[in-house]
Amino acid sequence: MVAYANQHSFSYVPKAVREQRRERKLLNQLENKGVIKSIDPYVCKVCGRRFYTNEKLVNHFKQIHEREHQKRVNQIESARGSRRVKLVVKYSMKMEKYKNAAREVLTPKVGYGLADELKRAGFWVGTVSNRPQAADVALRDHMVDVMDKRKAECLMLVSDDSDFVGVLKEAKLRCLKTVVVGDADDGALKRVADAGFSWTEILKGKAKKEAVSVVGKWKDRVILKKLEWTYDPEVERKLYGSEGMFDDESEDLDFDGSDDGNSSDYIHKEDSGAWWELDTESDADSSKSQ
């Protein structure tokens, strides 16, 4: 599971996220002035403390939990060998709990946390240069390398870029299954791939239900392909041992045409009439009398 992007992609903040942050800032100002009041208190998901304003929760999180987290990170980075392994095991639960809470409380300093979310989902994230098509080239090369080393049987691409059509066709030629996830309903990639889903289908759970039937059809095709009979001379020779049984005999036969002449007369009589002319009853009687 890999993802490639340039620095601009990780630092870019979508319009919807900017509007959401602007609304949150306005709500904080109204809460501080006492104009509005939240019905439910803001709960810290690390220690469980409750606050009546979101700004107090953010300040609490930064002053206590963010500092504690930074101390743990510094301890792990300064340690070596077995001590480092023990510290990672010791702090793993706390650090995971902190990261889950920080996503909802803190605003990322750069971008909107895309790289962290991808890493949290299990992806290896690669940052490329800001040159045009640099991310596409890196991802395409990685896919080809995976196919060359036969590390996968199914290739899943999350993109709407038609530049990857050639890679999908190459994967299908190498008997790999291909799946595409993208916003385009009938894009070029989905027309080439074995299966395609949109983000709406994934969010609604439709893709998860259809995935079972899609994989089942793939397995059925594999079984049917194994059951197909194909002629293989080597296999037939080993099974029946009939190599050249008729060819050798036909070569030894001598068709020198030596006979008593009756056969040639018979052939001449048979071919005396045109092929489209039918024998009449009188012709049949005359032939019997002869």
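Because the model is predicted, local features need pLDDT of at least 70 and side-chain atom pairs count only at pLDDT 80 or more, while totals for chains, interfaces and linings use all residues. Residues are numbered from 1 along each chain as its sequence is written, and side-chain values use heavy atoms, with hydrogens and water left out.

The UniProt record, in an unreviewed entry, assigns the annotation "domain: C2H2-type" to residues 42-70; such annotations may be inferred rather than shown by experiment. This span is 59% helix and 14% strand, and its end C-alpha atoms lie 23 Å apart. Helices (H or I, at least four residues) and strands (E, at least two) are DSSP runs, numbered from the N terminus.

Two packed helices are described by the angle between their axes and the distance between the axes. Axes are lines fitted to C-alpha atoms, for helices over the stretch in contact, and angles run from 0 to 180 degrees between N-to-C directions. The axes of helix 3 (residues 54-78) and helix 4 (residues 81-105) come within 10 Å and cross at roughly 155 degrees. Helix 3 is therefore roughly antiparallel to helix 4 (angles over 145 degrees count as roughly antiparallel, under 35 as roughly parallel).

Arg140, Met143 and Met147 of helix 6 meet Val167, Glu170 and Ala171 of helix 7.

Strands of a sheet pair through backbone hydrogen bonds, either parallel or antiparallel. Here an open sheet of 3 strands has the order 5-6-7, with parallel pairing; two strands pair if DSSP finds at least two bridges between them. Strand 5 (154-158) and strand 7 (195-197) stand at the edges, each with a single partner strand, so one side of each has no neighbour in the sheet. On average, neighbouring strands of this sheet are turned by 15 degrees against each other, direction ignored. Strand 6 (residues 177-181) pairs with strand 7 over 3 bridges, and valine 179 has alanine 195 of strand 7 as its bridge partner. Helix 7 packs on the sheet, where it touches strand 5 and strand 6.

Terms used:
Contact means heavy atoms within 4.5 Å. Angles under 35 degrees count as roughly parallel, over 145 as roughly antiparallel, 65 to 115 as roughly perpendicular and the rest as oblique.
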